[in-house]
Amino acid sequence: MMKTLLSVDKVFSLAFAGEESYNPSVITLSDIAEVESRYLMPIVGADLYNVMCVNEYEVLIEEYVSPMVAAWVRYVVEPHLASRSCIYHTEKRVTEAVNEDARRVLRALRDKAVALTRRLVDHLNSNDKVYVEYKPENNPLNRCFIYGNIVQVY
């Protein structure tokens, strides 16, 4: 079985509002592993990640990591929701308005995930003495920031 920091049920409960009629099966362990690999590991590093995997730093995981991972998972799975949940439009023509709505939703989901990522990074940087496994100098977001489509390196 694939090892991830968070379970499908945990991520699903954070990523989807209660009134949305999706089944937890729209999220797979590979989605969570992808997000942890792409968005979490570069920030926290392997040492801190491995310590979190054995349930250390529960407050960090609950308050900062879980919401961030769930937001990125929602962003990753959003384009696939129709096929994973067996919801298809009967209309074969997709209008530009539908496409624009999908782009707007993805932008909003990405903005949320980026904000929660920045929140995690700010917390780690402010508490680097608490999280001894965290190395701020190895965190790429401490050297590079992408705002809109502008990359700022410092």
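**Helix packing and buried residues in a predicted model**

From α2, the residues Asp31, Ile32, Glu34, Val35, Glu36, Tyr39, Leu40, Leu48 and Met52 meet a set in α3, made up of Leu60, Ile61, Val65, Met68, Val69, Trp72, Val73, Tyr75, Val76 and Val77. Please keep in mind that this is a predicted model.

Now the geometry of that pair. Two packed helices are described by the angle between their axes and the distance between the axes. For α2 and α3 the angle is about 155°, and the axes are 7 Å apart. Angles over 145 degrees count as roughly antiparallel, so α2 is roughly antiparallel to α3. The crossing of α2 and α3 is right-handed.

A step back to the whole chain. The chain has five helices and two strands, and along the sequence they come in the pattern α-α-α-α-α-β-β. There are 154 residues in the chain, and 34% of them count as buried. If you take contacts between residues at least 6 apart in sequence, 67% of them join residues at least 24 apart.

Next, α1, which runs over residues 8-15. Which residues of α1 are buried? They are Val8, Val11, Phe12 and Ala15. These four cover an arc of only 100° around the axis, so they sit on the same side of α1. As a reminder, an α-helix has 3.6 residues a turn, so residues three or four places apart point the same way. As for what covers the buried residues of α1, the cover includes α2, residues 29-53, and α3, residues 58-77.

How do α1 and α3 pack? Their angle is about 80° and their axes are 8 Å apart. An angle from 65 to 115 degrees counts as roughly perpendicular, and α1 and α3 are therefore roughly perpendicular to each other. On the α1 side the contact is made by Lys10, Val11, Leu14 and Ala15. On the α3 side it is made by Glu62, Ser66, Pro67, Val69, Ala70, Val73 and Arg74.

Serine 66 is in helix α3. Is serine 66 buried or exposed? Its relative accessible area is 1%, and the limit for buried is under 20%, so serine 66 is buried. Not counting residues up to four places away in sequence, serine 66 touches Leu6, Lys10, Leu14 and Ile61.

On to the loops, beginning with the one between α1 and α2. Isoleucine 27 is found there. With a relative accessible area of 3%, isoleucine 27 is buried. Isoleucine 27 and alanine 15 are 12 residues apart along the chain, and their C-alpha atoms are separated by 9.7 Å.

The loop between α2 and α3 holds asparagine 55 and also tyrosine 57. Asparagine 55 has a phi near 65°, a positive value in a residue other than glycine. Tyrosine 57, not a glycine either, has a positive phi of about 60°. Asparagine 55 is exposed, with a relative accessible area of 55%.

Further along the chain we get to α5. Leucine 124 has its place in that helix, and at 0% relative accessibility leucine 124 counts as buried. Setting aside neighbours within four places in sequence, leucine 124 is in contact with Ile43, Val44, Leu48, Leu60, Tyr131 and Tyr134. Take valine 44 from that list: leucine 124 and valine 44 are 80 residues apart in sequence, and 8.3 Å apart in space from C-alpha to C-alpha.

Where does asparagine 139 lie? It lies in the loop between α5, residues 96-126, and β1, residues 144-147. Asparagine 139 counts as buried, at 0% relative accessibility. What does the side chain of asparagine 139 reach? It reaches the backbone nitrogen of leucine 141, at 2.8 Å. Apart from neighbours within four places in sequence, asparagine 139 is in contact with Pro42, Ile43, Val121 and Tyr134. Ile43 and Tyr134 are also among the contacts of leucine 124.

That is the last slide.

Terms used
Residues numbered from 1 in each chain as written. Predicted model: local features only at pLDDT ≥ 70, side-chain atom pairs only at ≥ 80, totals over all residues. Heavy atoms only, no water. Buried < 20%, exposed > 50% of the residue type's maximum accessible area, 1.4 Å probe, protein only. Polar contact = N/O pair within 3.5 Å; in protein donor to acceptor, adjacent residues only side chain to side chain. Contact = heavy atoms within 4.5 Å. Arc of directions from axis to C-beta. Axes fitted to C-alpha atoms, helices over the stretch in contact; angles between N-to-C directions. Parallel < 35°, antiparallel > 145°, perpendicular 65-115°, else oblique. Left-handed = near helix turned anticlockwise from the far one by under 90°.
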